[in-house]
Amino acid sequence: MPAYCFAFREGFAEEILDEVELADDEAARKEAARAAREFMSEGVLKGIDRSGWTLSVSASDGRVLVELRFADLVSRRGDLQ
Amino acid sequence: MDEFVLNLTQRDALSTLERGLIAEMTAKRRTFDAKTDIVKQGSSPTHSCLMVSGYSARVNLVADGRRRITAVHVPGDFVDLHSLLLSRMDHSVTALNSCEVALVPHNLLRQVTENHGHLSRLLWMLTAIDAAIYRQWLVASGRLSSVEQLGHFLCEMALRLRVIDKSDGKAFRLPMSQAELGDAMGLSVVHVNRGLQQLRRANLITWRGDAVQILNFAALQQLSGFDPTYLDLERRER
């Protein structure tokens with residue numbers, strides 16, 4: 001299985017994960033959105049707002065597949081809809 | 001069927017007659033390749049499966065094909081003792097690596113429950129421990145962080161494998177991919193990876209291939225709030 005690099009960043013803070021094995025580029029893109037939401041939820045449970053973070057995913061050949069801003073993954077409209 | 005006997009004798013004594021019955025019950029064997037189903041969701045088995053070697057996972061599928069692993073089974077575990085009483089399987093059991101399984105006929109299990117009260121209670125105890133493990137997984141999934149969940153799971157596996165002489169309580173084999181760990185904990189592969197990285201950087205574990213080593217059990221136990229009471233490891237008359 002191909003390996004991908006996941007890098008979480010906020011300003012100068014950075015967390016780069018060991019190589020994550022996923023089926024293909026599409027699976028890596030889907031996993032990125034899920035991981036970003038999980039990372040935010042974990043922050044919320046600790047009382048930390050992580051909406052300013054980004055996640056970039058690159059393939060082993062250096063191609064950047066996706067660059068996600070966490071803030072773009074949550075809706076600002078009122079919930080309970 | 002040494003591991004099954006070890007699993008029971010960790011918790012109570014077995015008579016010579018009971019050991020003989022176990023040998024009779026577990027005589028019929030079958031091997032399964034990794035990633036193949038040992039038990040299929042929706043089926044109505046005529047036998048219950050006891051792990052002789054290898055690891056398997058209880059798997060529940062949802063309509064869109066996603067899955068949740070709700071148990072990990074090791075040698076000496078009955079994976080579907082409840083199929084004796086339930087009409088249809090509400091889950092599958094899939095081999096995580098190459099497995100040997102004893103196929104215990106339901107008619108033989110019925111005879112045991114009708115004629116051998118103590119052995120029946122021990123089988124009942126196994127389903128009770130299965131349920132206790134399931135409850136702990138539920139609590140861990142809902143209340144622990146990803147890194148705590150991973151730590152809790154590794155502490156549990158170390159102790160379960162120690163019972164069957166497959167671990168010294170620290171080092172053991174765990175043939176699970178990060179995707180399978182994610183399916184077991186309701187986490188993304190990325191968060192499993194991240195959690196394991198945190199455990200490695202804290203010098204709590206190493207994990208190479210399928211070889212896991214817990215470097216500081218007490219610290220991992222403290223981090224994850226692991227309390228082994230639910231594994232009911234005390235040996236006493238049942």
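Residues are numbered from 1 along each chain as its sequence is written, and chains are lettered from A in the order in which they are written. In this predicted model local features need pLDDT of at least 70 and side-chain atom pairs count only at pLDDT 80 or more, while totals for chains, interfaces and linings use all residues.

Student: What makes H6(B) roughly perpendicular to H7(B)?

Tutor: The axes of H6(B) (residues 178–185) and H7(B) (residues 189–201) come within 8 Å and cross at roughly 100°. Angles of 65 to 115 degrees count as roughly perpendicular, so H6(B) is roughly perpendicular to H7(B).

Student: How do you know that the buried residues of H1(A) line one face of the helix?

Tutor: The buried residues (20 or more other C-beta atoms within 10 Å of their own) are Ala28(A), Glu31(A), Ala32(A), Ala35(A), Ala36(A) and Phe39(A). Seen down the axis of H1(A), they fall within an arc of 145°, so they line one face. On the other side, Glu26(A), Ser41(A), Val44(A) and Leu45(A) are exposed (12 or fewer such atoms).

Student: Why is the span of H1(A) called close to the expected one?

Tutor: The expected span is 1.5 Å times one less than the number of residues. H1(A) has 21 residues and reaches 30 Å from its first C-alpha to its last, close to the 30 Å expected.

Student: What does H1(A) give to the side of chain A that touches chain B?

Tutor: H1(A) gives the most, with 5 residues. The contact (C-beta atoms, placed from the backbone, within 7 Å) takes 11 residues from chain A and 11 residues from chain B.

Terms used:
Contact = placed C-beta atoms within 7 Å. Helix = DSSP H or I, 4+ residues; strand = E, 2+ residues; numbered from the N terminus. Axes fitted to C-alpha atoms, helices over the stretch in contact; angles between N-to-C directions. Parallel < 35°, antiparallel > 145°, perpendicular 65-115°, else oblique. Arc of directions from axis to C-beta.
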